[in-house]
Every structure is written in C-alpha cells, then in structure tokens.
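Welcome, and thanks for taking a look at this one with us. Below is a short tour, grouped by topic, to read alongside the model.

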Amino acid sequence: MSELQLINRDAVLKKCGFSKDSLYRLMERGEFPLAVSTIGNCVGWYKHEVDEWILSRPRKHKVKELQPV
C-alpha cells in the first residue's frame with residue numbers, strides 16, 4: 001500500500017469541482033468520504049478515498065455531435 005496522505009478541504013473542492021456546501025451535503029447523505037479530525041478544528045480527507053470516489057462516478061453518455069446550421 002502506498003503512503004497515506006491527507007488533503008485539505010480546498011484541495012478536495014478543487015479536485016472534485018463542487019462547492020463547500022455540496023461537499024458537506026454529500027457527506028451528510030453518506031455519498032462522499034467523511035473527513036477525519038487532525039489538530040484542533042482542522043479536518044482532512046484521505047486522498048485515496050477521494051480519488052476512489054472520483055473514479056466511481058458514472059461517465060456521461062457521449063454527447064451527440066452538433067449538426068452544422
């Protein structure tokens with residue numbers, strides 16, 4: 001197993017492309033990995049869990065090509 005790495009909220013938001021409110025909403029619904037407590041009020045996410053979540057997302061269907069006008 002590779003070395004465990006924690007990433008902060010800003011890194012999670014940048015990686016996943018959604019808002020802070022969406023992040024916490026997904027966590028509340030059990031649809032996103034939970035944060036772990038670090039020091040004081042700080043939290044982080046296991047990078048490998050976030051990466052696995054991203055890879056588990058369904059891909060969009062191929063977009064139909066636009067017809068020339």
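Two strands count as paired if DSSP finds at least two bridges between them. With that in mind, Ile7 stands opposite Trp45 in strand S3. Please keep in mind that this is a predicted model.

**The sheet**
- Three strands form an open sheet in the order S1-S3-S2, and their pairing is antiparallel.
- S1 and strand S2 (36-37) are the edge strands, each with a single partner strand, so one side of each has no neighbour in the sheet.
- S1 and S3 run antiparallel and are joined by two bridges.
- Helix H3 packs on this sheet, where it touches S1 and S3, and its direction makes about 55 degrees with that of S3.

**The nonpolar core**
- The largest nonpolar core has twelve residues in all, and both Ile7 and Trp45 belong to it.
- As general background, nonpolar side chains in soluble globular proteins tend to be buried together.

**Helix H1, inside and out**
- Which residues of H1 are buried? They are Val12, Leu13 and Cys16.
- Looking down the axis of H1, you will find its buried residues within an arc of 95 degrees, so they line one face of the helix.
- The buried residues of H1 pack against strand S1 (6-7), H2, strand S3 (43-46) and H3.
- On the other side of H1, Asp10 and Lys14 are exposed.
- Ala11 also lies in H1, and Ala11 is partly exposed, with a relative accessible area of 30%.
- The C-alpha atoms of Ala11 and Lys47 are separated by 9.4 Å, although these residues are 36 residues apart along the chain.

**The ends of H1**
- At the start of H1, a side-chain oxygen of Asn8 comes to within 3.2 Å of the backbone nitrogen of Asp10.
- After H1 comes Gly17, which has a positive phi, near 75 degrees.

Technical notes. Residues are numbered from 1 along each chain as its sequence is written. This is a predicted model: local features need pLDDT of at least 70, side-chain atom pairs count only at pLDDT 80 or more; totals for chains, interfaces and linings use all residues. Side-chain values use heavy atoms; hydrogens and water are left out. A nonpolar core is a set of buried Ala, Val, Leu, Ile, Met, Phe, Trp, Tyr and Cys residues joined through side-chain atoms within 4.5 Å. Buried means under 20% relative accessible area, exposed over 50%, partly exposed in between (1.4 Å probe, protein chains only). Helices (H or I, at least four residues) and strands (E, at least two) are DSSP runs, numbered from the N terminus. The arc is that of the directions from the helix axis to the C-beta atoms. Contact means heavy atoms within 4.5 Å. A polar contact is a pair of N or O atoms within 3.5 Å; within protein, one must be able to donate a hydrogen and the other to accept it, and residues adjacent in sequence count only if both atoms are side-chain atoms. Axes are lines fitted to C-alpha atoms, for helices over the stretch in contact, and angles run from 0 to 180 degrees between N-to-C directions.
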